Amino acid sequence: FLIEKVKKEFTSIISHQFKTPLSVLKSTSEALIGGVFGDLSNEQKEILQGTLKNSENLIALVDELM
């Protein structure tokens, strides 16, 4: 029982430590792409689209691992 409890706590901490910054990166990218902070060039939008896609992929990977 103790091992399972420690495993669950560890998993929860690791998940939080990875997902929190990834979620911030994702939401900031979405806001920038949406023009919340002003207009962007097409090149800037393309770069942010890549950032957004990669952050979504990493969040999904963390979810799978947990």
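Mentor: Start with Ser55, which lies in helix α2. Keep in mind that this is a predicted model.

Trainee: Is Ser55 buried or exposed?
Mentor: The relative accessible area of Ser55 is 1%, and under 20% counts as buried, so Ser55 is buried.

Trainee: Which residues is Ser55 in contact with, leaving aside neighbours within four places in sequence?
Mentor: Leu22, Leu25 and Lys26.

Trainee: And what else is buried in α2?
Mentor: Besides Ser55, the buried residues of α2 are Leu48, Leu52, Ile59 and Val62. They pack against α1.

Trainee: At what angle do α1 and α2 pack?
Mentor: About 155°, with the axes 9 Å apart. Here α1 is residues 2–33 and α2 is residues 42–65. An angle over 145 degrees counts as roughly antiparallel, so that is the label for α1 and α2.

Trainee: Left-handed or right-handed crossing?
Mentor: The crossing of α1 and α2 is left-handed.

Trainee: Which residues make the contact?
Mentor: From α1 they include Ser15, Phe18, Leu22, Leu25 and Ile33. From α2 they include Lys45, Leu48, Leu52, Ser55 and Asp63.

Trainee: How does that contact split by class?
Mentor: The contact of α1 with α2 has 10 nonpolar, 6 polar and 6 charged residues.

Trainee: Switching to α1. What is buried there?
Mentor: Ser15, Leu22, Ser29, Ala31 and Ile33 are buried in α1. What covers them includes α2.

Trainee: What span should α1 have, and what does the model give?
Mentor: With 32 residues at 1.5 Å a residue, α1 should span 46 Å, and its end C-alpha atoms are 46 Å apart, so the two agree.

Trainee: How far does α2 reach?
Mentor: From its first C-alpha to its last, α2 reaches 35 Å. That is close to the 34 Å expected for its 24 residues at 1.5 Å a residue.

Trainee: What follows α1?
Mentor: Gly35 does, and its phi is positive, near 85°.

Trainee: One more residue, Val6. Where is that found?
Mentor: Val6 is in helix α1.

Trainee: How far is Val6 from Gln49?
Mentor: Their C-alpha atoms are separated by 38 Å. Along the chain, Val6 and Gln49 are 43 residues apart.

Conventions: Residues numbered from 1 in each chain as written. Predicted model: local features only at pLDDT ≥ 70, side-chain atom pairs only at ≥ 80, totals over all residues. Heavy atoms only, no water. Axes fitted to C-alpha atoms, helices over the stretch in contact; angles between N-to-C directions. Helix = DSSP H or I, 4+ residues; strand = E, 2+ residues; numbered from the N terminus. Parallel < 35°, antiparallel > 145°, perpendicular 65-115°, else oblique. Left-handed = near helix turned anticlockwise from the far one by under 90°. Contact = heavy atoms within 4.5 Å. Nonpolar A, V, L, I, M, F, W, Y, C, P; charged D, E, K, R; others polar. Expected span 1.5 Å × (residues − 1). Buried < 20%, exposed > 50% of the residue type's maximum accessible area, 1.4 Å probe, protein only.
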